[in-house]
Amino acid sequence: MSSCEYIQYRGIDLPPVAHSMESLEYAQNFSVEDTDVFAVTYPKSGTIWMQEILPLVLNGGDLTPIHTIPNWDRVPWLEEKRLAVVVDQLTSPRALVTHFPYHLMPPSFHASKAKVVYVMRNPKDVMVSSYYFHQMAGFLDDPGTFDEFMAKFLEGKVLFGKWTDHVKSWRRTELGDRIMYITYEEMVQDLPAALRSLSDFLGSNLSEEVIQKIAEHCSFKTMKVNSMSNFSLVPKVLMDSDKSPFLRKGVVGDWKNHFSSEQLARFTSVIRQELENESFPLPWSLD
Ligand code: PPS
């Protein structure tokens, strides 16, 4: 099994192709503005989908950004090296993404009124998506067998640590109406409805016509052929879509094609135990 060198940062492992100690320091010193909007996700929960959606919801449906700017520069990751390069080109209101758990957000975020869209996805599908991503991404450890990868996922020995720690960290009553929770599953089920909620949350006041237009341009099918969004501009040595495309299946419940009944029982028992004292509702059954 091939393994990669990762940067260790405050308890999490990160690939040096995207992150450096300087970029992480930059994130900590980043000056968050009140008008900023963060899409926050545990990896493989719908990050690039929100990177597609947010600029359009914020700009009234102008497609220029998704047709001319690669997603990593259009809606940069707070913790990645590219932010410092493109920060001056971002127009207000700025949209950013981050995989940071709550406690790693910079001080200026806490002092600001910036809004957060937290996207959560069924952890079983997150794990399956991540398994294939580890096969195609040359900068990540080989995942090994599905069973081996499941063990690493449940122990949190994967990028950005445990899924349960991440979702728990972002359940913050102090954020009040600055945070909106949405699930990948809701977006798959009814994207126009999800866009209406986002439009309300962000005060965009979009017409139904614009909602439908955004839904069409942010569909899996359209994003899969958009070179600004499908990572086809990335060298094959870093992302090999012949092994597995980044926009792989885009469905709910692919875990059913991968989990044995023993793996399902093990996975469910760990997640259930780690969420035992949490009161937030899960939109899907853990079983
Ligand atoms: S990353 O690496 O953390 O940025 O990955 P992330 O973007 O969070 O997650 C990738 C998964 O999201 C799916 N995806 C979509 N699904 C449905 N519709 C649209 N438009 C869409 N865009 C991205 C993508 O296919 C990955 O899921 P899987 O299950 O692997 O297909």
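Okay, quick one to start: which residues lie nearest the centre of the second largest pocket? They're P55, P65, R74, L90 and T91, out of 16 residues that line that pocket. Bear in mind that this is a predicted model.

Staying with that pocket for a moment, the space in there comes to about 350 Å³. Of the elements, α2 gives the most, with three residues. If you sort the lining by class, you get eight nonpolar, four polar and four charged residues.

Now, the largest pocket. Here the volume is about 1,000 Å³. It has 45 lining residues, and K44, I48, W77, F231 and F246 are the closest to its centre. The elements giving two or more residues to this lining are α2 at 47–59, α7 at 123–136, α10 at 184–189 and α13 at 220–224. The top contributor is α7, with four residues. By class, the largest pocket's lining splits into 29 nonpolar, nine polar and seven charged residues.

Last stop, T41. You'll find T41 in strand β3, which covers residues 37–41. So, buried or exposed? T41 counts as buried, because its relative accessibility is 0%. Its side chain makes a polar contact with the side chain of T47, at 2.9 Å. And if you ignore neighbours within four places in sequence, T41 is in contact with G46, T47, T98, H99, V119 and H166.

That's me done, so over to you.

How values were computed:
Residues numbered from 1 in each chain as written. Predicted model: local features only at pLDDT ≥ 70, side-chain atom pairs only at ≥ 80, totals over all residues. Heavy atoms only, no water. Buried < 20%, exposed > 50% of the residue type's maximum accessible area, 1.4 Å probe, protein only. Polar contact = N/O pair within 3.5 Å; in protein donor to acceptor, adjacent residues only side chain to side chain. Contact = heavy atoms within 4.5 Å. 1 Å grid on protein atoms, 1.4 Å probe; cavity = no way out; pocket = protein on both sides within 12 Å on 5 of 7 lines; lining within 4 Å. Points joined across faces, edges and corners; volume = space filled by probe spheres on them. Nonpolar A, V, L, I, M, F, W, Y, C, P; charged D, E, K, R; others polar.
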